[in-house]
Amino acid sequence: MTPARAPRPLPRRRILLNAAAALTIVLCLFPVYWMISTAFKPSRDIQSDTPRLLPRTWTLEHFRTAVDADGFALFWRNSVLVTLSAVLLALVVALGASFAVARMRWRGRRQFMLLVFIAQMAPWEALIIPVYIISRDTGMLDRLPTLTLVYFMMTLPFTIVVLRGFIAAIPPELEEAAQVDGCTRRHAFRHITLPLLAPGLMATSLFGYITAWNEFAYANFLIIKQQDSRTLPVWLSSFQNVFGTDWGATMAASTLFALPALAVFLLLQRHVTSGFAAGAVKG
């Protein structure tokens, strides 16, 4: 019998990289943990001078306060409606645009993609005033369709860029073979290319969902008078009392607000990595 080999020690470089990765994870997840733990702490522990990592006692009082707050169900419905509408609209428009850029040759194609990249790099916070003025002059303030269009414009450039690379990674010979067998170009795209685009569609829809779900600035500036048209990010700033901010209810509301995005990510996580990787193969 040959003697068992002793395990080789890890190189110093690998140890340092693992330590840096662990430190990064802790720094990123600690605010999330603090938010969740604060949501379950009694008010006396939240206001204590000596913070505790773990609650001494657990309570659901703050969650009941958040759920019973005025407009919780209404604002939740508004956020879901605006987010899903913006994501679906961006996917439909970007699918046609990315297919035209990846599969067809037409004058101005490179210029079009340059404009898409410029739109992707533009800071949307700098466009709040122009968007507000346009919405005011066209009578579109205090309306959910206005938010839907804004979120659609915010997510469209990224969706086009990712789907373009993903379509370019699919061999066009598959569509050509289907057309030789009698399929039209539209049917070949529907039955051959579209099923292969599932990871890319999942990845881009997750990005669009998180962007629209978490957006606060436009929802706060474009919905002013019509309180019933506000969304959940604006609702989170409403937990005030005579003593200041109700931090327990705010953290509980923030936890409830983060759950849908976490659920969507867990459902789509298997497709996200492959979607982004495939979308970066060709360009």
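Phe 30 lies in helix H1, which covers residues 12–40. Helices here are DSSP runs of H or I with at least four residues, numbered from the N terminus. The model is predicted, so local features need pLDDT of at least 70 and side-chain atom pairs count only at pLDDT 80 or more, while totals for chains, interfaces and linings use all residues. Residues are numbered from 1 along each chain as its sequence is written, and side-chain values use heavy atoms, with hydrogens and water left out.

Phe 30 is partly exposed, at 39% relative accessibility. The term sits between buried (under 20% relative accessible area) and exposed (over 50%), with a 1.4 Å probe and protein chains only. Together with Val 26, Tyr 33, Leu 53 and Leu 54, Phe 30 forms a nonpolar patch on the surface, and the accessible area of the patch is about 480 Å². Patch members have over 30% relative accessible area and no salt bridge; nonpolar side chains (Val, Leu, Ile, Met, Phe, Trp, Tyr) are joined within 5 Å, and like charges within 9 Å. The areas come from the Shrake-Rupley method with a 1.4 Å probe, and for residues only the protein chains shown count as cover.

Ile 36 also has its place in H1. Ile 36 is partly exposed, with a relative accessible area of 33%.

## The largest pocket

The largest pocket has a volume of about 270 Å³. Of its 13 lining residues, Val 32, Ala 258, Leu 259, Ala 261 and Leu 262 are the closest to the centre. H1, helix H10 (198–214) and helix H13 (247–279) each supply at least two residues of this lining. H13 gives the most, with seven residues.

On a 1 Å grid over the protein atoms alone, a pocket is an open set of points with protein on both sides within 12 Å along at least five of seven lines, a cavity is a set where a 1.4 Å probe fits but cannot get out, and lining residues have an atom within 4 Å of a point. Points are joined across faces, edges and corners, and a volume is the space filled by probe spheres set on them.

The whole structure holds one cavity of 30 Å³ or more. The largest cavity has a volume of about 30 Å³. Its lining consists of Ser 79, Thr 83, Tyr 151, Ala 212, Trp 213, Glu 215, Thr 231 and Pro 233.

Asn 78 is placed in helix H4, residues 72–103. Asn 78 is buried, at 0% relative accessibility. Apart from neighbours within four places in sequence, Asn 78 is in contact (heavy atoms within 4.5 Å) with Leu 144, Asp 228, Ser 229, Arg 230 and Thr 231.

One salt bridge is found in the whole structure. It joins the side chains of Arg 136 and Asp 137, at 3.3 Å from N to O. The term requires a side-chain nitrogen of Lys or Arg within 4 Å of a carboxyl oxygen of Asp or Glu. Arg 136 is partly exposed at 45% relative accessible area, and Asp 137 is exposed at 55%.

Asp 142 sits in the loop between helix H6 (128–137) and helix H7 (144–168). Asp 142 is buried, with a relative accessible area of 18%. Its phi is positive, about 60°, although Asp 142 is not a glycine. Most residues other than glycine have a negative phi.
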